[in-house]
Amino acid sequence: MAAGEGLVSVDYEVFGKVQGVFFRKYTQAEGKRLGLVGWVKNTSHGTVQGQLQGPTANVQELQEWLRKTGSPQSCISRVEFHNEKKIEALEHKDFVILK
């Protein structure tokens, strides 16, 4: 990580056609590609929730991916981000899919 680039943590929820379309798998792969840690899971009300942590620029890149790209068969209607904060150290070791 470049000197002076801070770490951030942000929670997210993705709405639309995001279950049954490998959304979690693609989100995990994209997060790992960007060197981020965190988690992703399906919710009982048809959305996908998770948390991202890593360098600010990389987190912003995945936020943009969640807004506009997603998995090939998904149809994202909207994304909400909550609890964005600076952190001193990563709280997760990897990017995981929770059941």
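Start by selecting Arg24. This is a predicted model, and in it Arg24 has 22% relative accessibility, so the residue counts as partly exposed. Arg24 has its place in helix H1. Show the residues around Arg24 next. Leaving out residues up to four places away in sequence, Arg24 touches Val40, Lys41, Asn42, Val48, Ile97, Leu98 and Lys99.

From that list, pick Asn42. Asn42 sits in strand E2. With 27% relative accessibility, Asn42 is also classed as partly exposed. Apart from neighbours within four places in sequence, Asn42 is in contact with Val18, Gln19, Arg24, Thr47 and Val48.

What does the record say about Arg24 and Asn42? The unreviewed UniProt entry carries the annotation "active site" for Arg24 and Asn42. These residues span 19 residues in sequence, yet no two of their C-alpha atoms are more than 7.7 Å apart, so they gather at one spot.

**The annotated span and its sheet**

Now select residues 9-99. The unreviewed UniProt entry gives this stretch the annotation "domain: Acylphosphatase-like". The span is 43% strand and 26% helix, and its end C-alpha atoms lie 21 Å apart.

Switch to a cartoon view and look for the strands. In what order do the five strands of the open sheet stand? The order is E4-E1-E3-E2-E5, and the pairing is mixed. Color strand E4 (75-87) and strand E5 (95-97): both stand at the edges and have a single partner strand each, so one side of each is left without a neighbour in the sheet. On average, neighbouring strands of this sheet are turned by 15 degrees against each other, direction ignored.

E2 and E3 run antiparallel and are joined by six bridges. Asn42, already visited as part of the annotated "active site", stands opposite Val48 in E3.

Follow E3 to Pro55, which lies in this strand. Pro55 has a relative accessible area of 14%, so the residue is buried. Along the chain Pro55 and Gly6 are 49 residues apart, while their C-alpha atoms are separated by 5.8 Å.

**The two helices**

Select H1 and show the sheet with it. H1 lies across strand E1 (7-17), E2, E3, E4 and E5, and runs at about 175 degrees to E5. Then select H2. This helix lies across E1, E3, E4 and E5, and runs at about 155 degrees to E3.

Display the side chains of Phe23 and Trp65. How many aromatic pairs are counted in this model? The count is one aromatic pair. The ring centres of Phe23 and Trp65 are 6.1 Å apart and the planes stand at 45 degrees; planes under 30 degrees apart would count as stacked and over 60 as edge-to-face, so this pair is tilted. Phe23 belongs to helix H1 (residues 23-33) and Trp65 to helix H2 (residues 56-68), so the pair, 42 residues apart, links distant parts of the chain. Are Phe23 and Trp65 buried or exposed? Both Phe23 and Trp65 are buried.

Move to Phe22, in the loop between E1 and H1. At 53% relative accessibility, Phe22 counts as exposed. The charged end of Lys25 sits over the ring of Phe22, 5.5 Å from the ring centre.

Check the backbone at Phe22 as well. Most residues other than glycine have a negative phi. Phe22, though not a glycine, has a positive phi of about 60 degrees.

For another residue with a positive phi, select Asn83. Asn83 is not a glycine either, and its phi is about 55 degrees. Asn83 lies in strand E4, and with 53% relative accessibility the residue counts as exposed.

Finish with Arg78 and Phe15. The charged end of Arg78 sits over the ring of Phe15, and the distance to the ring centre is 3.7 Å.

Terms used. Residues are numbered from 1 along each chain as its sequence is written. This is a predicted model: local features need pLDDT of at least 70, side-chain atom pairs count only at pLDDT 80 or more; totals for chains, interfaces and linings use all residues. Side-chain values use heavy atoms; hydrogens and water are left out. UniProt positions are given in the numbering used here, feature names are shortened, and annotations may be inferred rather than shown by experiment. Helices (H or I, at least four residues) and strands (E, at least two) are DSSP runs, numbered from the N terminus. Rings of Phe, Tyr and Trp (its six-membered ring) pair if their centres lie within 6.5 Å; planes under 30 degrees apart count as stacked, over 60 as edge-to-face and the rest as tilted. Buried means under 20% relative accessible area, exposed over 50%, partly exposed in between (1.4 Å probe, protein chains only). A charge sits over a ring if NZ of Lys or CZ of Arg is within 6 Å of the ring centre and within 35 degrees of the ring normal. Two strands pair if DSSP finds at least two bridges between them. Axes are lines fitted to C-alpha atoms, for helices over the stretch in contact, and angles run from 0 to 180 degrees between N-to-C directions. Contact means heavy atoms within 4.5 Å.
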